[in-house]
Structures are given as C-alpha cells and as structure tokens.
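I opened the file to look up a few things and noted each one as I went. The entries are in the order in which I checked them.

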Amino acid sequence: NFVTGIITMLDIKAVRQDPQGISEALATRGFVFNVEHFTTLDARRRQADIDSQSLLAERKSASKKIGVLVGEGMSVDDAKAEVSETLKKIATQVEALTEQAKQAQSELEELLLGAPNIPGKDVPTGVSEADNLEVLRWGEPKTFEFQVRDHVALGERLQQLDGETAGKITGARFTVMYGGLARLHRALIQFMLDLHTQEHGYSEVYVPYIVNRESLIGTGQLPKFEEDLFKLSGDQGLYLSPTAEVPVTNIARDRIFEDAELGDSGLRFACHTPCFRSEAGSYGRDTRGMIRQHQFEKVELVRLVRALQSDEALEQLTGHAETVLQRLDLPYRKVVLCTGDLGFSATKTYDLEVWLPAQETYREISSCSSCGDYQARRMQARWRNPATGKPELMHTVNGSGLAVGRTLVAIMENYQRADGSISIPPILQPYMGGVNELGA
C-alpha cells in the first residue's frame, strides 16, 4: 500500500459516508465545504491505492516467473534478464504512482485540516454573537453613587498600571504593573490554582511556553490561524503558546492511556501560563487597557475523558470556572455560543461574561468548550477500552478558569470606591498578606 492513512480533525469515514450532510452542518458555521473537491481528491487517493495493489501483484507474478524459467532449464542469469524489463517498467510505474498518491493525500489533508469541527446537535443555529443564547445570570450589577472610572483610570490614579512604559519597553498592547496591583494579579493566579486543585480535583501541571507546529496542528490553531500567532525566528517551527490549551492537551498526543489511568472521570489538568497572541484579526478593538493584550495570563483547565463523559465534563468544567467568579462576588452571565460564533475546534462552547461597570456591559472572561474527538483524532490521543481491548479516541474539554488580566480588570471596576481606591475581595485577602485595599 503506497498511500498512508490521513489523520484529520474531522472523521474522514463520516465525511465519506455523508459529505453533503457534513457540508450542511459546517454551513451553519459560515464555512463552505467543497463536497465535489473532497470527492475528487478522495477518489484519486483511493484509485492510487487500488493501482498500487495491482502493481504489487504484477511484480510478485513477474518475480515468480524467474523460478518457472529456471525450472524449465534456463540459467538464473538468463531468467532474470528475461523479466528484468517487466520489473523495471513496474518500478517506474510504482514510483510515479507513489508521487501521485502523495500529492492527492497532501491536497486532501490540506482540505480537511482547514475544516472546523461539526457543531453539536444542541448548539443554537446563528451567524454571530448576537445569536448566542443566554442561559444564566448570577449576581446583580452594583449601583454606584459616583461616576465610575474604568480600570485604566483607576490603575493610573494608583500609579500602579503603566501602559506608556510598557509601550517603550515593547510596544502597544503590553502592560507594566507595580506594587499592590502586581501582587493582586499574582494573588488571583494562586487563588485560582488552589481552588481548582484543592476543591475541583485538578492536577497542577507546568508546561513549556514555546510549542512546535505539530502541537498547534493537534489542537487546531494551525494551519488556519497562523497570523494570530507569534512565530519564533529560525527554521525550527516554534511558536509562543497562544493558550495553555495547546501544550496541556498535547500531553496526550500519540499516547494510549489504560482505562485505570483515567480513573472514574478522566484526567484533569490545571495550568497557569502566559499566553501570546498577535490579535491580527482585532485591529482597533479594545486598544485601551488590559482587555485585549498581546501578552496575558490564564489559569487553564483541561479535561481528557472517555467519549460518554464529555458532555458531563463540559458542564462540570464550566461550573468550576463559574465558582471563581462566585467566590469573587463578580456578577456574570453564561451564554451558549451559536454555530456561527463557535471556536474552530469546538463542538459546543459556554462563554462566561463578567460585568464591567465602566462599559456597562458583560465582557467575555472565559470560554469553556467541548471539542469531542476532533483534537484527539489529530493528536492520536487514545484510551484502551477494557470491554473491547481496543484503543478509542478520547474527548477533550478545555476552558479558562479564568483569564487573569480580565479578572483583575473586573475586580478593579466592581470594587472601586469614590476616592479611586479599590477594596480587595475577602477571598483574596489571605493571598495579599491581609491587605484589604489598594489605596488611592
């Protein structure tokens, strides 16, 4: 067989069985899947496989003829010479066929790698964030008896938030924090990690901040979103990690976990990392302050579970992220993203949006997604089903628990006082050495 198998993010068997159905499902995401192109490429690839098998049989038959000729009295050298032209012709055909097969495979893989995940059946159909479905509100936005300041004005008044110096050091969309504000940022990280590891059963993990191309392909950032990444110079194919989802999920790449390793509810990882994004598609948006930065920090939650557990895992993980907001007493709402607003690898996503008084609106602070077996198929992340003894694809679930910078922004704005000082949420005061405010 001269055609190697293709590992894609979509199940190629499902695409072959119902390409039109797949195309219609992806159309709800605003993605055009070219059925005719897929069918043509797949047919070329299959024909190359059939032809290769025919050539192998022909070569085997020609090789056997040498023995027949020798048995009939011909010398070995003469017998080899008799069939040599046939074998050379077959070899030439095999070489050409192998190249054709590689080309068809490359084009098919490119097509499938560019296709997003199939939306879940319970995901609302829509074209933009306006069609997202709100499912919950928690907490009441506070009424202030004074003119509220945004986080930039508050931070500058405290002389603890400095975008100008960050611009001098690096450029736009970076921030320097000083003193109590820097400590509050660190306190949030520690609080989130403690909550998720001590109460929610996650195992803390430390991972590289630089990832290779294979890892980014595995979780779906490449090849489609290369312009959103910071690529390192040189020919090593390395990038700054855009989210801990990438290195943490890739822990399972090219592995088969035994059932006992997964326990009752799969693997749970919590990880704090900086994240680096070029924000290529958001030019001019949220240029003020810390809402949309090139460098920011998250505590990421990742679940690796059996297929039948993924729905429950998504609900649990989202609830764990919500607990952070509840303990901080920050008003928020939960929405289910519609098909047109889903992330590339997700089959279903809940967004948590925190209330920001200065903007008088809810802003995203966490996206919690189930990717089904989409990422696992690309990564070949599997577990061995003891009932069959055979490996099966895992399901991956991930979410921010939470984005640290946006949580800091929410605390600054929701806990501000008339004089510009900021009170510290009680749950964070032990992490601040007992400090209960950032003074004006």
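**Entry 1: the model.** I noted at the start that this is a predicted model.

**Entry 2: the sheet.** I traced an open sheet of eight strands with mixed pairing. I wrote its order down as β1-β10-β11-β12-β15-β9-β8-β4. Which are the edge strands? They are β1 (133-138) and β4 (203-204), each of which pairs on one side only.

Entry 3: I picked β8 (residues 267-276) and β9 (residues 295-305) and found them paired in the antiparallel sense over 10 bridges. Looking up P274, I found E297 of β9 opposite P274.

**Entry 4: helices on the sheet.** I then asked which strands helix α7 lies across. Helix α7 (residues 179-198) lies across β4, β8, β9 and β15 (395-403). Its direction runs at about 5 degrees to β9. Helix α13 (residues 404-414) also packs on the sheet, where I found it touching β9, β11 (348-356), β12 (361-370) and β15. The direction of α13 makes about 35 degrees with that of β15.

**Entry 5: α7 against α11.** I looked up the packing of α7 and helix α11 (residues 310-327) and got an angle of about 130 degrees, with the axes 11 Å apart. The two helices are therefore oblique to each other. I recorded their crossing as right-handed. On the α7 side the contact has F191, M192, L195 and H196; these meet H320, T323, V324 and R327 in α11.

**Entry 6: cysteines.** How many disulfides does the structure hold? I found zero. C338 counts as buried because its relative accessibility is 0%. C368 counts as buried at 0% relative accessibility.

**Entry 7: S63.** I located S63 in helix α3 (residues 35-71). Is S63 buried, exposed or partly exposed? It is partly exposed, with a relative accessible area of 37%. Last, I took the separation of the C-alpha atoms of S63 and G289 and got 74 Å. Along the chain these two residues are 226 residues apart.

How values were computed: Residues are numbered from 1 along each chain as its sequence is written. This is a predicted model: local features need pLDDT of at least 70, side-chain atom pairs count only at pLDDT 80 or more; totals for chains, interfaces and linings use all residues. Side-chain values use heavy atoms; hydrogens and water are left out. A disulfide is a pair of cysteine sulfur atoms within 2.5 Å. Buried means under 20% relative accessible area, exposed over 50%, partly exposed in between (1.4 Å probe, protein chains only). Helices (H or I, at least four residues) and strands (E, at least two) are DSSP runs, numbered from the N terminus. Two strands pair if DSSP finds at least two bridges between them. Contact means heavy atoms within 4.5 Å. Axes are lines fitted to C-alpha atoms, for helices over the stretch in contact, and angles run from 0 to 180 degrees between N-to-C directions. Angles under 35 degrees count as roughly parallel, over 145 as roughly antiparallel, 65 to 115 as roughly perpendicular and the rest as oblique. A crossing is left-handed if the near helix is turned anticlockwise from the far one by less than a right angle, and right-handed if clockwise.
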